[in-house]
Amino acid sequence: MRPHALPRELRIRRRAEYTACYERGRRLHTEHFLVFVLSGEHPQCGTRTGMAVSRKVGKAVTRNRVKRLLREFYRLHREDLPVGVHIVTVAKKHAGQAALNLAGVTAELLPPLRRLARRAPGRPAPEGQP
């Protein structure tokens, strides 16, 4: 495994896992993304992430850029995410036209995911917070 890679076991790869997130997961809406969070499935696995970027977002170059930004966001912020959940991020149609960068994706996705992490049972409180 590469030292800075997002390991395979932390990615959602099967259609059934995506479908479960879509049907039973909680929805979070942001400006450019729709995030599905399904908790309680496999608490021992850690946080598993997946993404869906349809052709409505743009051509292959645009879709791949959005996917790279999302992968990098989840790789860098693994410790800030709720434990034992599946997270599927779906890019909205206008995400391809936006001038997205890693800072923008982080500013958009990190606050709602941190709120979920604080509410998650069994998660230790961050230093300086009760």
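Modeller: Of the contacts between residues at least 6 apart in sequence, 81% join residues at least 24 apart, a contact being heavy atoms within 4.5 Å. Keep in mind that this is a predicted model, where local features need pLDDT of at least 70 and side-chain atom pairs count only at pLDDT 80 or more, while totals for chains, interfaces and linings use all residues. Residues are numbered from 1 along each chain as its sequence is written, and side-chain values use heavy atoms, with hydrogens and water left out.

The chain has three helices and four strands (DSSP runs numbered from the N terminus: H or I of at least four residues for helices, E of at least two for strands). Their order from the N terminus is α-β-β-β-α-β-α. Of the 130 residues, 45% are buried; here buried is under 20% relative accessible area, exposed is over 50% and partly exposed is in between, with a 1.4 Å probe and protein chains only.

Now the charges. Oppositely charged side chains can pair when their charged atoms come close. The model has three salt bridges, each a side-chain nitrogen of Lys or Arg within 4 Å of a carboxyl oxygen of Asp or Glu.

Start with Glu-17 and Arg-48, whose side chains form a salt bridge at 2.8 Å, N to O. It ties together distant parts of the chain: Glu-17 sits in helix H1 (residues 15-24) and Arg-48 in strand E3 (residues 48-52), 31 residues apart. Both ends are covered up: Glu-17 counts as buried at 16% relative accessibility, and Arg-48 counts as buried at 11%.

Asp-80 and Arg-114 also pair up, with their closest N and O atoms 3.3 Å apart. This one links distant parts too, with Asp-80 in the loop between H2 and strand E4 (85-91) and Arg-114 in helix H3 (residues 102-119), 34 residues apart. Asp-80 is buried at 17%, whereas Arg-114 is partly exposed at 37%.

The remaining pair, Glu-72 with Arg-75, has an N to O distance of 2.7 Å. These two residues are three apart in helix H2 (residues 60-76), so about one helical turn separates them. Glu-72 is partly exposed, at 29% relative accessibility.

Helix H2 also holds Val-66, which is buried with a relative accessible area of 4%. Beyond its neighbours within four places in sequence, Val-66 touches Phe-33, Val-53, Val-57, Ala-91 and Ala-95. From Val-66 to Ala-52, 14 residues away along the chain, the C-alpha separation is 9.7 Å.

Arg-14, in the segment before H1, is exposed at 59%.
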